[in-house]
Amino acid sequence: MLPKEQRRSSSHDKLQLLRSVTDSHAQSSTSILLDASKYIEELKHKIKDLVEDNNSCLRSITGDRMNQMGVTVQGQEKGFLVRVFSEKSYPDLLVSILRVFEDLGIDVLDARVSCIKPFRLEAVGREVKGRAEGIDSEVVREAMLQALKNCREGD
């Protein structure tokens, strides 16, 4: 069994780690735990919003097979969550989409892509300071749709 001082030190270290993860400025252990609880609730809310957005995206894509492509863009705190879907994968589609990110001044932080039939892309992008500030999600969506249409017409 650990001595009392070691247990106290270990507990203090864990609280400080929790404090740093949750970006809490609290000093007391109770306040740190309350901040952590609030942080967890915020994360749950963000996850719920993402799941709802994903479900609505899937409904709109499956309900709109005539168009056979779809783009959803969700504004985030300092960036965007972009989802692109196309029944068919076109040559240079990924390159065109990445060029849109670059032209708009958005850095891609994380992405998942499947370039085989069907084409799917989910990317998280952050606005580059001084270049993309003030761009709204509709501008990003329209640019992505245009890239899809251009690749489709070129095929």
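Tutor: Let's begin with a definition: helices (H or I, at least four residues) and strands (E, at least two) are DSSP runs, numbered from the N terminus. Here, reading along the sequence gives the pattern α-α-β-β-α-β-β-α. That's a protein with four helices and four strands. Keep in mind that this is a predicted model: local features need pLDDT of at least 70, side-chain atom pairs count only at pLDDT 80 or more, and totals for chains, interfaces and linings use all residues. Residues are numbered from 1 along each chain as its sequence is written, and side-chain values use heavy atoms, with hydrogens and water left out.

Student: In what order do the strands of the sheet lie?

Tutor: Two strands pair if DSSP finds at least two bridges between them. In this open sheet of four strands, the order is E1-E2-E4-E3, and the pairing is antiparallel. E1 (69-75) and E3 (106-114) stand at the edges with a single partner strand each, so one side of each has no neighbour in the sheet.

Student: How many bridges join E2 to E4?

Tutor: Eight bridges link E2 (residues 79-86) and E4 (residues 119-127), which run antiparallel. One to look for: phenylalanine 80 has glycine 125 in E4 as its bridge partner.

Student: And what share of the protein is buried?

Tutor: Buried means under 20% relative accessible area (1.4 Å probe, protein chains only), exposed means over 50%, and partly exposed is in between. Of the 155 residues here, 28% are buried.
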